Amino acid sequence: MKEQTQILHSIPVDPLTGSISTPIYQTSTFVQDAPGVHKGFDYARSNNPTRKVLEDSIAKLENGTNGYAFASGLAAIDAVIKLLEAGDEVIAVDDIYGGAFRLFTHIYQKFGISIKYVDTTNAANVADAITAKTKLIWIESPTNPTLKISDIAAIAGIAKANNLLLCVDNTFASPAAQKPINLGADIVIHSATKYLAGHSDLIAGLVVTATKELGDKIKFIQNASGAILGPFDSWLVIRGIETLTLRIKQHSENAQKIAEYLLEEKLIRNVYYPGLPSHHNHEIAKKQQKYFGGVIAFDLVVDDKDLASQIVSSTKLFKLAESLGGVKSLCCLPCEMTHKSIPAEKRYQSGVTDSLIRLSVGLEDADDLIDDLKQAFVLAFADNTIADTVTA
């Protein structure tokens, strides 16, 4: 069967009622037949039938053994880091999600877990950074927000040769475009808030493991820490997954068209989109991704925060907001929004300049979105000082 068919029919008909839509089991506890004798559910923190459908579905989608749903993407990240102990070291992608940076640097470093940030677009950098303390390699591919691509299979080979775990944040690609476990990853995480749910109406995180042994450890952490996803939000993610491949395909088509237009804009210095042949990691992206995704980033010839702020505040269809992956297009200024917690020097080292703008391309008509960007650039270009700089 093709993947879209598999997705739709991996979500089971309710065996109790025949409901074709997964029921929302809005309950905190379950009646037992005798002490310790039940139907697989005793307390909703430990397990819930609605959540279990989602967890089983994401495990199938990612070709993993086990899936677990958390209250947010950061809760999912937190659960993975709790596999480690004081004294352990993580090698992490340098262009990392700001929330993950904050969690790693300001929370877990206090407990004796050290983080080493490297440019993982060159797998040799990962190999060179490994020490006796290294236990986990953490990559995003594509990264947030400069869309860097790492060679997952190459890094997985390095991880296995050194008896390390490899975790891949697959949020930007989604399992419709990329399956890191097939490429050798041990753990996959998602902010299900984004493409999996797809409608900007919930917060959720998911963890998928390549082995049952690793899955059992994540399950223990999930139950012990308690950051589980509620049944209604689980149901919303299930509903989003049903249209995932259709949405990812259209997000990607729209983004490709917009990225190609942005290459022609005078105000823009760099366009970051893995679907462009000019992208540094385009060939690797072609090798490991079915679609190139719906996120684009670009910076300006004048690296000015105020100018970038003017542009993102002037769009009409691209709504100024954090997050991404929904059906409606969004734009943001990472230096003041998603990546504000990262020191400016570190931001610049990974390409997140003050003028970098991130677009989450939605499902509107691509031509309408291009027209929206054009009018925002016209307003910015109307500043004579900027015009002189660009035409000089």
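Predicted model: local features only at pLDDT ≥ 70, side-chain atom pairs only at ≥ 80, totals over all residues.

Visitor: How many salt bridges does the model hold?
Guide: Side chains of opposite charge can pair when their charged atoms come close. The criterion is a side-chain nitrogen of Lys or Arg within 4 Å of a carboxyl oxygen of Asp or Glu. By this rule the count is 16.

Visitor: Are the partners Lys39 and Asp33 buried or exposed?
Guide: The side chains of these two residues, Lys39 and Asp33, form a salt bridge with an N to O distance of 3.6 Å.

Visitor: Are Asp94 and Lys148 buried or exposed?
Guide: Asp94 and Lys148 form a salt bridge whose closest N and O atoms are 3.7 Å apart. The pair links distant parts of the chain, 54 residues apart: Asp94 lies in the loop between strand S2 and helix H4, and Lys148 in the loop between strand S4 and helix H6. Buried stands for a relative accessible area under 20%. Both Asp94 and Lys148 are buried.

Visitor: What separates Glu253 and Lys249 along their helix?
Guide: The two residues form a salt bridge, with the closest N and O atoms 2.8 Å apart. Glu253 is partly exposed at a relative accessible area of 40%, and Lys249 is partly exposed at 39%. Because they are four residues apart in helix H9, the separation of Glu253 and Lys249 is about one helical turn.

Visitor: Which strands form the edges of the seven-stranded open sheet?
Guide: The order of this sheet is S1-S7-S6-S5-S4-S2-S3, with mixed pairing. An edge strand pairs on one side only, and this applies to strand S1 (66-70) and strand S3 (114-118). Neighbouring strands are turned by 20° against each other on average, direction ignored. The edge strands are thus named S1 and S3.

Visitor: Which residue of S7 stands opposite Ile187?
Guide: Strands of a sheet pair through backbone hydrogen bonds, either parallel or antiparallel. Strand S6 (residues 187-191) and strand S7 (residues 205-209) pair in the antiparallel sense, over five bridges. Opposite Ile187 stands Thr209.

Visitor: Which residue is the bridge partner of Cys332 in S12?
Guide: Strand S12 (residues 357-360) runs antiparallel to strand S9 (residues 295-300), joined by four bridges, and Ile296 has Leu359 as its bridge partner in S12. Strand S11 (residues 330-332) is also antiparallel to S12, with three bridges. Ile357 and Leu359 point one way from S12 and Arg358 and Ser360 the other way, all of them buried. The partner of Cys332 is Arg358.

Visitor: How are the directions of H9 and H13 related?
Guide: Two packed helices are described by the angle between their axes and the distance between the axes. The axes of H9 and helix H13 (residues 366-381) come within 9 Å and cross at roughly 30°. Angles under 35 degrees count as roughly parallel, so H9 and H13 are roughly parallel.

Visitor: What is the handedness of the crossing of H9 and H13?
Guide: The contact includes Asn254, Lys257 and Ile258 of H9, and Leu369, Ile370 and Phe377 of H13. H9 passes H13 in a crossing that is right-handed.

Visitor: What is the handedness of the crossing of H2 and H8?
Guide: The axes of helix H2 (residues 49-61) and helix H8 (residues 231-241) come within 8 Å and cross at roughly 35°. Among the residues that meet are Thr50, Val53 and Leu54 in H2 and Trp235, Ile238 and Ile241 in H8. The crossing of H2 past H8 is left-handed.

Visitor: What distance separates the C-alpha atoms of Ile238 and Ile11?
Guide: Ile238 is found in helix H8 and is buried, because its relative accessible area is 4%. Residues touched by Ile238 include Ile11, Thr22 and Thr50. Ile238 and Ile11 are 227 residues apart along the chain, and their C-alpha atoms are separated by 7.9 Å.

Definitions and conventions: Residues numbered from 1 in each chain as written. Heavy atoms only, no water. Helix = DSSP H or I, 4+ residues; strand = E, 2+ residues; numbered from the N terminus. Buried < 20%, exposed > 50% of the residue type's maximum accessible area, 1.4 Å probe, protein only. Pairing = 2+ DSSP bridges. Axes fitted to C-alpha atoms, helices over the stretch in contact; angles between N-to-C directions. Parallel < 35°, antiparallel > 145°, perpendicular 65-115°, else oblique. Left-handed = near helix turned anticlockwise from the far one by under 90°. Contact = heavy atoms within 4.5 Å. Lists of a residue's contacts leave out its neighbours within four places in sequence.
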